[in-house]
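Please keep the sequence and the model in view while reading.

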Amino acid sequence: MGRIKKSKTPTADIEVPTQIKNPELVRERRRQIIDSTVNLFIEHGYHKTTTRMIAKAANFSIGSLYEYVSSKEDLLYLVCKTIHEEVQDAVEKALLITDKQEERLAEVIRQYFYVCDKMGDHILMMYQVTQFLPEKWQIRVLENELNITDIFINALSSLSGKNNFPTLDGKILNLVGHNISVLGQMWGFRRWHVQRNFTIEEYIKIQTDFILGLIF
């Protein structure tokens, strides 16, 4: 399987309607709103955070906010989409760094864990509040979780059987892909314990050795 392909043109998320016609502006403004929302949800909780608080934190008027999203549920879903996009971008760049297959996988893991470190608040919030989403959005969030895992499955598939990299069957590809996904996110949602005992670099090394040990 070849490298994962990415659209070079920013596009708005058609699943969350917007009144703004400029896709790049939508992405920029939604990211601003999303980052403000994450901080508020963590500080005040999902139910106590109002759209007025979100608008104020993001420096929007209420009317401007509703041009980009229509509800708090939209924002939760967009958080998950944002994590997926960050991961996909990091993995694609990592696959270009070296031609040595084992080093490419190690770099994929490293860059993904850096994303999980940078977006730790987003990941923590996703696990805390997804239960409050309507069923439609809960299903979409789970689909996005699987999409993130698929990024790693596709990356592993592109390395499998090449340049002394072991040939992996479908079951192993799936299992290792899920391992990478969950171990990266654990840095965020179990940070109350893990980050007291390890730096991000120590964590990356230990978990990379573990994942490579499943393969080699």
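**Helix packing and the core**

In this predicted model, I180 touches L105, I109, Y112, F113, F152, L156 and I211, leaving out residues up to four places away in sequence. I180 is also one of the residues that touch the most other members of the largest nonpolar core, along with V87, L105 and L156. That core holds 63 residues, and helix α4 gives the most to it, with 11 residues. In soluble globular proteins, nonpolar side chains tend to be buried together.

Helix α5 covers residues 101-118. At 1.5 Å a residue, its 18 residues should span 26 Å, and the end C-alpha atoms are 26 Å apart, which agrees. The buried residues of α5 include L105, I109, Y112 and F113, but also Q101, R104 and E107. Among the elements that cover these buried residues are α4, α6, α7, α8 and α10.

The whole structure has 8 aromatic pairs. One of them joins F113 and Y203, a tilted pair with 5.6 Å centre to centre and 35° between the planes. F113 lies in α5 and Y203 in α10, so the pair ties together parts that are 90 residues apart in sequence. F113 is buried, at 1% relative accessible area, and Y203 is buried as well, at 4%.

A charged residue deserves a separate look. D74 lies in helix α4, residues 72-94. D74 is buried yet has no salt bridge. The nearest side chain of opposite charge is R30, 6.2 Å away, whereas a salt bridge needs the charged atoms within 4 Å. Beyond its neighbours within four places in sequence, D74 is in contact with V16, V69 and W137.

Methods. Residues are numbered from 1 along each chain as its sequence is written. This is a predicted model: local features need pLDDT of at least 70, side-chain atom pairs count only at pLDDT 80 or more; totals for chains, interfaces and linings use all residues. Side-chain values use heavy atoms; hydrogens and water are left out. Helices (H or I, at least four residues) and strands (E, at least two) are DSSP runs, numbered from the N terminus. Buried means under 20% relative accessible area, exposed over 50%, partly exposed in between (1.4 Å probe, protein chains only). Lys and Arg count as positive and Asp and Glu as negative; His and the chain ends are not counted. Contact means heavy atoms within 4.5 Å. A nonpolar core is a set of buried Ala, Val, Leu, Ile, Met, Phe, Trp, Tyr and Cys residues joined through side-chain atoms within 4.5 Å. The expected span of a helix is 1.5 Å times one less than its number of residues. Rings of Phe, Tyr and Trp (its six-membered ring) pair if their centres lie within 6.5 Å; planes under 30 degrees apart count as stacked, over 60 as edge-to-face and the rest as tilted.
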